[in-house]
Amino acid sequence: MKTTPLANRAPETGAFFTRDRNWHPPAFAPGYKSTVFRAPQKPLIAFPNTLSETTGPAFGHDMLGPLDHDLIHNFARAGESAIGERIIVHGKVLDERGKPVPGVLVEVWQANAGGRYRHKKEGYIAPLDPNFGGCGRVITDAEGHYAFRSIRPGPYPWPNGPNDWRPAHIHLSIFGVGFVQRLITQLYFEGDPLIPHCPILNTIADEKAVAQLVAHLDMQNSEPMDSLAYRFDIVVRGRRSTPFENRMEGN
Ligand SMILES: [Fe+2]
């Protein structure tokens, strides 16, 4: 079987950064109703990372299908395409030292242009698009870059408060070099007026952390007469680095 060399599989030593729990939203946030039932009832217990946390499965580019990164076409009938505003979403997966992480599996799922998911428990009245499945995946290249094509998802209402709506968003799962780098997150779109009203985004205390979840319009990488582009960089946990010795030799 053909294998793809993945630079990020080179062994690095040292522990990963500890997660900053003030940056990430709390598990218990009553404004986001379902967290009340699923948040841990007891204090968390810290334990040291072992091989099972600092390693993970390796992904080769040859495991992907030709349309896995193209949600406009990967569920569509031959010669047809999904309805909606065509977009390209791209960016880099970086670790906490700003180092690109190659070989990372990025999986995405989203509602269609009307805000409806293809899911048997979906209850929203917006119609399904027969040509849109809503899932895709891509693996970062040697520079940590990923890109996928899709349609911009619609906002949708959800049963939380009396009239709560989700801003347009794309769900992402990032599978880095070890299980400690695993990240499940959501991407939002620059300028969406629903962002400040979202009970889920409002569980995040630091507005800079919210800003990091917003993809920015990227006209330079848009395709004329085809698709707008949005840039979204993703930061996963990196390994601690040894501080660089910058004292001049002989001093
Ligand atoms: Fe969603």
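**A walk through the strands and the core**

Start with the record: the unreviewed UniProt entry annotates residues 89-117 as "domain: Intradiol ring-cleavage dioxygenases", in the numbering used here, and such annotations may be inferred rather than shown by experiment. Over that stretch the chain is 0% helix and 41% strand, with the end C-alpha atoms 19 Å apart. Helices (H or I, at least four residues) and strands (E, at least two) are DSSP runs, numbered from the N terminus.

Keep in mind that this is a predicted model, where local features need pLDDT of at least 70, side-chain atom pairs count only at pLDDT 80 or more, and totals for chains, interfaces and linings use all residues. Residues are numbered from 1 along each chain as its sequence is written. The protein chain averages a pLDDT (the predictor's confidence in each residue, from 0 to 100) of 89, and 90% of the residues score at least 70. Residues 1-5 fall below 50.

Now the pairing, which takes at least two DSSP bridges between strands. β10 (residues 228-231) runs parallel to β1, joined by four bridges; one pairs Ile 88 with Ala 229. β10 also runs antiparallel to β9 (residues 214-217), through two bridges, and here Leu 217 partners Tyr 230.

Val 93 is one of the residues touching the most other members of the 33. Beyond four places in sequence, Val 93 has contacts (C-beta atoms within 7 Å) including Val 104, Ile 174 and Val 236.

Notes
Core = buried A, V, L, I, M, F, W, Y, C linked by C-beta atoms within 7 Å. Buried ≥ 20, exposed ≤ 12 C-beta atoms within 10 Å, placed from the backbone. Contact = placed C-beta atoms within 7 Å.
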